[in-house]
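Subject: Structure for you to look at

Hi there,

Have a look when you get a moment.

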Amino acid sequence: MHRTAITRTPITRTPITPTHLTRALLVGAALVGLAACGTGTRSQENEALGTKAARPPAKAAKQAAVQGLPGMPPVLDPKDVYAADRPGRLSPVVKDFPSRVYVPNTNSDTVSVIDPKTYKVIETIPVGAQPQHVVPSWDLKTLWVNNDRGNTLTPIDPRTGKAGKAVDVHDPYNLYFTPNGKYAVVMASLDRELVFRDAHTMKRMKTVPVSCYGVNHADFSLDGRYFIVSCEFSGELLKVDTEKMKVVGQQKLPFDGAMPQDVKISPDGGKFYIADMMADGMWVLDGDTFGKPSFLHTGKGCHGLYVSRDSREMYVSNRGEGTISIFDFTENKLTKKWHLPDGGSPDMGGVSADGKVLWLSGRYNSEVYAVDTRTGHQLARVKVGSGPHGLAVYPQPGRYSLGHTGIFR
């Protein structure tokens, strides 16, 4: 559970048999144009999206174009949603930002700033009550600290590392952005709402009440037309139509006491993976059909999901046992498990811009872990404030951000 540590009675686990998932190919007629963001000029929009530095590979241009959400930047490669996230492929917007790791300390009401070169905390920023995640904005220019109980978002300028004036936003447990950059989507967990706000001013545009409990994490489909949301406290999943801003599907996970956490789409867009900290593994879901998911055991307290820079593997943090499982997308199986020396509570985080280091918060140990993605060896344990949660490694490659601790396209 994210907010506080609790004692739970043992759960009777029901055997779960993986089933093969199928998916229809997304075929479009033509690439959509880039949407204007605010009142900036076309050259400014191109700069914000990093189009000068990130052009589609020649082979991708020959493939059938994906008919994406209106106003969404074109999909670079229909076979790899993470094509823009290659090592060092920084947008012009962020290329001069200093590399830092921003750690929200939920119980300390602060953000620890780590220099990844020295593994030292170089600054501690006071923020609002119970900061849960540090979220890069769609245009990559701002980091938003989600002060859940403080009912505010604190903006941090990643160029200077300085915090700005907090913005009033109720129950901002987590934050996402629609792929066209039009809306921010606030995961108002206790309010039981998905709140669509202006991506720049955070003005409330539409409130979508939900019948599940504890909306917290999400990811978008390849074409951006829908997103899958996990409901932590009722063990459910939602499917939301992005353009209509409407829940179009809801299902209960087939496990007694399910507690879904992070959500991540496969590189080819065919499957969604949902971490479940009580089932101790990942649910594998066909988002298009939204049918019954299969299950893959990873480890106790399965929690965070992060894709490697080459789109070949996914790092899965198992918070309850201090391990990281490695899932190979091509082989469709777990291939390795890394153990943190002396254990720990690996939670949320991100991958360095060069892809060589996985950073994870130690939720119940007041520390952060730096892990070598080539060997699995621990590089450092950095002491931070109490209750470190959704840390953001910044900057990272990509043209735009979909939110959370850094989902880039």
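Four strands form an open sheet in the order β9-β10-β11-β12, paired antiparallel. Strands here are DSSP runs of E with at least two residues, while helices are runs of H or I with at least four, all numbered from the N terminus; two strands pair if DSSP finds at least two bridges between them. β9 (174–177) and β12 are the edge strands with a single partner each, so one side of each has no neighbour in the sheet. On average, neighbouring strands of this sheet are turned by 20 degrees against each other, direction ignored (axes are lines fitted to C-alpha atoms, for helices over the stretch in contact, with angles from 0 to 180 degrees between N-to-C directions). Strand β11 (residues 193–198) is joined to β12 by five bridges, and Val-195 has Thr-207 in β12 as its bridge partner.

Before going further, please keep in mind that this is a predicted model: local features need pLDDT of at least 70 and side-chain atom pairs count only at pLDDT 80 or more, whereas totals for chains, interfaces and linings use all residues. Residues are numbered from 1 along each chain as its sequence is written, and side-chain values use heavy atoms, with hydrogens and water left out.

Now the disulfide (a pair of cysteine sulfur atoms within 2.5 Å). The structure holds one, joining Cys-212 to Cys-231 with an S to S distance of 2.1 Å. The link is left-handed, with -50 degrees about the S-S bond. Cys-212 sits in the loop between β12 (204–209) and β13 (215–220) and Cys-231 in strand β14 (residues 226–231), so the pair ties together parts 19 residues apart in sequence. Both Cys-212 and Cys-231 are buried, meaning under 20% relative accessible area, with exposed over 50% and partly exposed in between (1.4 Å probe, protein chains only).

Finally, Asp-115 is in strand β2 (residues 110–115) and counts as buried at 16% relative accessibility. Leaving aside residues up to four places away in sequence, Asp-115 touches Arg-100, Lys-120 and Ile-122 (contact means heavy atoms within 4.5 Å).

Best wishes
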